[in-house]
Amino acid sequence: MSTITNHMPTEELQALDAAHHMHPFTCNGELAQKGARVITRADGVTLTDSEGNQILDAMAGLWCVNIGYGRDELADVAARQMRELPYYNTFFQTTHRPAIELAQKIAELAPGDLNNVFFAGSGSEANDTNLRMVRHYWALKGKPSKSIVISRKNAYHGSTVASGSLGGMTGMHEQGGMPIPDIHHINQPNWWAEGGDTSPEAFGLAKAQELEKAILELGEDRVAAFIAEPIQGAGGVIVAPESYWPEVQRICDKYEILLIADEVICGFGRTGEWFGSQTVNIRPDIMTIAKGLSSGYAPIGGSIVSDEVASVIATGEFNHGYTYSGHPVAAAVALENLRILEEEDVIGHVQNVAAPYLKEQWEGLQDHPLVGEAKIVGMMGSIALTPNKETRAVFAADTGTVGYICRERCFANNLVMRHVGDRMIISPPLVIKPEEIDLLIACARTSLDECYAQLKEDGLLQSA
Ligand code: PXG
């Protein structure tokens, strides 16, 4: 396979991009001045840009390319499916083989009685489905007043009006009239940033009990569901203290609140199990899935629904669906992705090889002067940058200033490591090899060193 892609000169591509392409979550005016980095191809864990740079993708695209880039099998399956049946809908009493087989496979992989799948085109759409489904479920059960969904601050559940409202990102809520009514946000279990003098375990318990407090304040008869990511991804890879999830499960059981686990990032091996819910040991009624379901090779998402909820929904017509619900090409690609994950025992590779090695190396970064906590579960990790580890201080500069400097150093060193505020995060393809982990860590360390030097020079090492 050639590694050279023919294309216009980078500056021309950038100029056209700036002229016509509106990027998501981007200040497009600023990007137009700078020019977007043009990615031209990828293989394994490595991206190539239009200048021929090879970049280690420690974010697996956007948390999704779990099996790595360049798997021809998925391209072949897509081409075959396009020739055979490129599209048909699943609305009017029709179905097709890819949707049937994928739903069956997902039901087999999902724990407990999560045996029913409602397909969507993305994680955002799936969470829109979930919001309507849980409210409709309670209405069908004769409890229409149970309509409030409790979520968490700093959660990410998508970018549509409903899923963005479910999410707890204040920057999103400030734009476009969100959140919609009947969504209630409680605090996140982020001990590093918000734990103060309490121990992580006491803090975790207290944050879980905020759920109980909210239910009691709002009224048990008004609350439909609690939605949460097993590990907060876009919020900065926030791992809850161990005391948190058992208490959340107890509260959901006690008050008959449906538990929605948003597995869009955690699902399909990211945490070292098939689902993050298994890693944190919870029993959700609904799971949101997307991303790793197809390893990002085709856009597809969905909701995995318990037998109990699905059987109630099945008693009437659920007036909801997307043109691309169960899209045959995306479904065929997802099935092939799941075949590879299973047959190549990718999750075994995570458990036995990649995650233990990455954990050791990642936690080793904790000796760096800039690094406070280094957290990692399976193949998602974060480090908190701090001017003072002992006091868990934040920087005097605006939140994100230092994280951005660090990210820019990473990018310059051909490593994609993201920043969320002043946390650095990784989520590499699950198939990453030990020697590639060595490269990742070496690049991260160099970038941290360069960032530290720059902070010193610019006088940015002050605590707030
Ligand atoms: N739930 C979770 C937990 C997610 O991480 C979505 C839902 C929405 O999925 P779609 O397919 O509609 O994007 C996501 C998506 C980031 C970032 O900055 C993360 C996501 C999307 C865009 C940016 O880390 N996650």
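**Salt bridges in a predicted model**

The count comes to 23 salt bridges, a salt bridge being a side-chain nitrogen of Lys or Arg within 4 Å of a carboxyl oxygen of Asp or Glu. This is a predicted model, where local features need pLDDT of at least 70 and side-chain atom pairs count only at pLDDT 80 or more, while totals for chains, interfaces and linings use all residues. Residues are numbered from 1 along each chain as its sequence is written, and side-chain values use heavy atoms, with hydrogens and water left out.

I will go through some pairs. Between Glu-108 and Lys-105 the closest N and O atoms are 3.0 Å apart. Both residues sit in helix 5 (residues 97–109), 3 residues apart, about one turn of the helix. Helices (H or I, at least four residues) and strands (E, at least two) are DSSP runs, numbered from the N terminus. Lys-105 is buried at 14% relative accessibility, whereas Glu-108 is partly exposed at 47%. Buried means under 20% relative accessible area, exposed over 50%, and partly exposed in between, with a 1.4 Å probe and protein chains only.

Next, Glu-308 and Lys-141 form a salt bridge at 3.2 Å, N to O. Glu-308 is in helix 13 (residues 307–313) and Lys-141 in the loop between helix 6 (123–140) and strand 5 (148–152), so this pair ties together parts 167 residues apart in sequence. Glu-308 is partly exposed at 34%, and Lys-141 is partly exposed at 38%.

Then there is Glu-343 with Arg-339, a salt bridge at 2.8 Å between the closest N and O atoms. Glu-343 is exposed at 59%; Arg-339 is partly exposed at 31%. Finally, salt bridges that share partners join Glu-212, Glu-247, Arg-250 and Lys-254 into one network.
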